[in-house]
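Biologist: I am new to this structure and would like to learn how to read it. Could we go through it together, a feature at a time?

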Amino acid sequence: MSVVRAAQAQTEPPKRGPSTAEERARAVKIARQLEDDPLAKDAKDNREWFIQWIVAIPDITVNVCDEYFGAIPKPPRGHMREIVSQMTISMTAFMIEHPDKVKDEQAVATAGLLGSLKAYQSILKGDPESRWPYLDKIVQMRDQGKLDDFVSDMRRKCAQDGEEPDPDTMRAAR
């Protein structure tokens with residue numbers, strides 16, 4: 001499991017204050033834009049801003065597990081980076097929009113995965129050669145109403161890596 005905000009933040013004072021309402025609004029807007037058009041002209045810059053922002057702020061922590069995406073080739077092919085990073089982005093947007101569900105890791109992870117699937121399907125419309133058979137299976141699970149079970153299984157698999165939560169941040173709880 002990789003944590004977007006490094007564990008070192010627990011021992012070092014934050015370099016900046018908590019996220020602002022304006023930043024959160026911008027983050028949600030960018031998340032939705034990236035789901036709809038992950039290859040837009042400004043998508044790369046927006047994605048970079050978002051990831052740098054989530055790493056820098058001390059009040060939102062997003063746990064991301066690469067297990068959701070199966071074996072990712074090294075180096076990643078096609079638009080895998082965009083799709084995988086979208087999970088973090090969509091999870092963050094969900095946590096901002098639904099602060100009452102921040103501790104519902106199932107809901108947070110599902111929202112993140114749904115965001116990645118939406119971005120994947122958006123990419124396929126413009127670039128059918130970017131097909132990723134593993135994600136096609138996840139799309140099929142979603143369409144068959146089996147995504148919740150898949151997310152539960154992946155959460156258990158990811159939890160085996162286990163990390164101590166930072167009690168001072170907004171995070172999805174295990």
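Predicted model: local features only at pLDDT ≥ 70, side-chain atom pairs only at ≥ 80, totals over all residues.

Biologist: Where the layout is concerned, how many helices and strands does the protein have, and in what order do the elements run?

Modeller: The secondary structure comes to 6 helices and 4 strands, and, read from the N terminus on, the elements follow the order β-α-α-β-β-α-α-α-α-β. Of the 174 residues in the protein, 47% are buried. Among contacts with a separation of 6 or more, 74% are accounted for by residues 24 or more positions apart.

Biologist: What span should helix α1 have, and how far apart are its end C-alpha atoms?

Modeller: Helix α1 covers residues 21-36, and at 1.5 Å a residue its 16 residues should span 22 Å; the end C-alpha atoms are 23 Å apart, which agrees.

Biologist: Which residues of α1 are buried, and how are they placed around the axis?

Modeller: The general idea is that an α-helix has 3.6 residues a turn, so residues three or four places apart point the same way. In α1 the buried residues are E23, R24, A27, V28, I30, A31, L34 and E35.

Biologist: Which residues are buried in α5, and what do they pack against?

Modeller: In α5 the buried residues are L135, I138 and V139. Seen down the axis of α5, they fall within an arc of 105°, so they line one face of the helix. They pack against α3 (80-97), α4 and α6 (147-159), whereas the face of α5 turned away from the buried side carries the exposed residues P133, K137 and D143. Just after α5, G145 takes a positive phi of about 75°.

Biologist: How should I read the pairing of α4 with α5, and at roughly what angle do their axes cross?

Modeller: For a helix pair, one can look at the axes and then at the residues between them. The axes of α4 (residues 105-126) and α5 (residues 133-143) come within 11 Å and cross at roughly 120°, and the crossing in which α4 passes α5 is left-handed. On the α4 side the contact is made by L113, L114, L117, Y120, Q121 and L124, and on the α5 side by L135, D136, I138, V139 and R142. The residues of this contact divide into 8 nonpolar, 1 polar and 2 charged.

Biologist: Why does T110 count as buried, and which residues does T110 touch?

Modeller: A residue is called buried when its relative accessible area is under 20%. T110, which is found in helix α4, has 16% relative accessibility and therefore counts as buried. Not counting residues up to four places away in sequence, T110 touches L147, D148 and V151.

Biologist: What can be said of S122, and how far is S122 from P38 in sequence and in space?

Modeller: S122 is also found in helix α4 and is buried, with a relative accessible area of 18%. Leaving aside neighbours within four places in sequence, S122 is in contact with E35, D36 and P38. S122 and P38 are 84 residues apart in sequence, and their C-alpha atoms are 7.2 Å apart in space.

Definitions and conventions: Residues numbered from 1 in each chain as written. Heavy atoms only, no water. Axes fitted to C-alpha atoms, helices over the stretch in contact; angles between N-to-C directions. Helix = DSSP H or I, 4+ residues; strand = E, 2+ residues; numbered from the N terminus. Left-handed = near helix turned anticlockwise from the far one by under 90°. Contact = heavy atoms within 4.5 Å. Nonpolar A, V, L, I, M, F, W, Y, C, P; charged D, E, K, R; others polar. Expected span 1.5 Å × (residues − 1). Buried < 20%, exposed > 50% of the residue type's maximum accessible area, 1.4 Å probe, protein only. Arc of directions from axis to C-beta.
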